[in-house]
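These are my notebook entries on a structure that I had not examined before. I set down what I looked up, topic by topic.

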Amino acid sequence: KNNATTTMTGMTGEDTPLITHNKASTINEDGPRRRTGAQTTQQQPDEEREPSNFDPGSAPTTDYEKQDRRPLWTRVTSMVQTPFTTSMPFKYDQMMPLEVHYIDTFNDQPWSCSFGTKEDDGIWLNRNDQPGLMMSFLVWLLIVYSGVTVTLLAEHNQLPSLVSITYGTICALALASHAKTMFTDPGSIPQSAVPVYDASVTVSTHAMCSHCQSFKPPTCHHCRICDRCVSRMDHHCPWMNNCVGAGNMKHFILFLGYTWTGSSLALLIFAWNYFLCESEICVFNVVLVQLVRAMSVICVGSLLFTSSMLMNVTYGIITGTGTIDRLKKKATNTLYLSEDEPVPLEVVFGIQGYWSWFLPIDPVFADFDKIMGYSTPQRLLREQMRDSESSVVRESSVGKAAISTPYSDEPRPAETGPPPALYNEI
């Protein structure tokens, strides 16, 4: 019994055995699992077993491990999506259990119409940084100037109307993304913040901010300009007059993308007009020539700046290390020791759908508390009340199920979990 011989299924009894091992069922936790059982294992008594001339060295080596039989395009797509579907820097996969989340419709935001970065301010706006206000206003001025210049070119029949409409739409989306980045809370930590339940179990100690005197989640930094702790803070951008964090990272990426696209389109239009167009329509008057020259300089500068920022943001998402953390690790020469993991795109753009990723609207996160790294006692109390109400409904459903089975001697238990189809959707 200790020496079982395993043969390939579908072979005749006269075939030579291929694998010999000490146990009938072997499970390797670190590698692929091979199924062995009664249908693949044949045992013979010692007196009836015939000697075999099998030479292991002469047999051809065959790899019986599990092979990937998916189409080439499916495998390439899976390889590209792998860095974006792994866990967050603070073990996002361990903090996101497989469960059905609910929508918290309670509005706990302040109702005042004041501008500022405090908890009592209803509209988020950094008023303490005067240079930041001027730089953000300059961004609006340059984008509006570019849109007006292209519109004037189309009005004087220098450009097709479709090109002018396309460029105007890109400028409008860039302005909307800039406004959302500027007026959106980047993920400030309130004074009543408490650790998330899963984090409090796995972590023995929690950090506190010496400035805010409040709980400081992982990957959180205190901004001296906004005077608030920001969850997953990447950096403070003076052109946005705001911090870039978990709450407005999507809008910041959209602004960079639309600005880069508009600058590239404008430079392509001017290059085609200067090098390829030979008709009289492409000849600008004196005013348009000066406007186009100034716009060309603006587009070149914005193209270079947005390209570098897009590379910086992409590097942060792929590596899971923000700008501030990366600079700190470079200063201490510990960047190569980083164990941060990539950030899933759903954590940045939300779970509404791919169509919402390109629109400057607030993302809907799968679990707001787990992504931000904190919760509040009020929200935990609402969850506790919701759980108690659901347990009461579940108990009542069990009683109804027991009453509705007259032909059964024992009461039929009600289903306490979601149907199998829901698990497949999750």
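**Basis.** I worked from a predicted model, in which local features need pLDDT of at least 70, side-chain atom pairs count only at pLDDT 80 or more, and totals for chains, interfaces and linings use all residues. Residues are numbered from 1 along each chain as its sequence is written, and side-chain values use heavy atoms, with hydrogens and water left out.

**Whole chain.** I found twelve helices and 13 strands in the protein chain; these are DSSP runs numbered from the N terminus, helices (H or I) of at least four residues and strands (E) of at least two. Of its 426 residues, 35% count as buried (under 20% relative accessible area with a 1.4 Å probe, protein chains only; exposed is over 50%, partly exposed in between). I also looked up contacts, meaning heavy atoms within 4.5 Å. Among those with a separation of 6 or more, 63% join residues 24 or more positions apart.

**Helix pair.** I then turned to α6 (residues 249-276) and α7 (residues 286-319), whose axes come within 8 Å and cross at roughly 140 degrees. Axes here are lines fitted to C-alpha atoms over the stretch in contact, and angles run from 0 to 180 degrees between N-to-C directions. The two helices are therefore oblique to each other, a class left after under 35 degrees (roughly parallel), over 145 (roughly antiparallel) and 65 to 115 (roughly perpendicular). The residues of the contact of α6 with α7 divide into 17 nonpolar, eight polar and no charged; Ala, Val, Leu, Ile, Met, Phe, Trp, Tyr, Cys and Pro count as nonpolar, Asp, Glu, Lys and Arg as charged, and the others, Gly among them, as polar.

**Cores.** A nonpolar core is a set of buried Ala, Val, Leu, Ile, Met, Phe, Trp, Tyr and Cys residues joined through side-chain atoms within 4.5 Å. The largest has 50 residues, and those touching the most other members are Ile143, Leu153, Phe252, Ile253, Phe270, Met295 and Val313. I noted that α6 gives the most to this core, with ten residues. Apart from it lies another core of five residues, including Cys223 and Met233.

**Two asparagines.** Most residues other than glycine have a negative phi. I recorded a phi near 60 degrees for Asn157, in the loop between α3 and α4, and about 55 degrees for Asn241, in the loop between β11 and β12. Asn157 is exposed, at 58% relative accessible area, whereas Asn241 is buried, at 0%.
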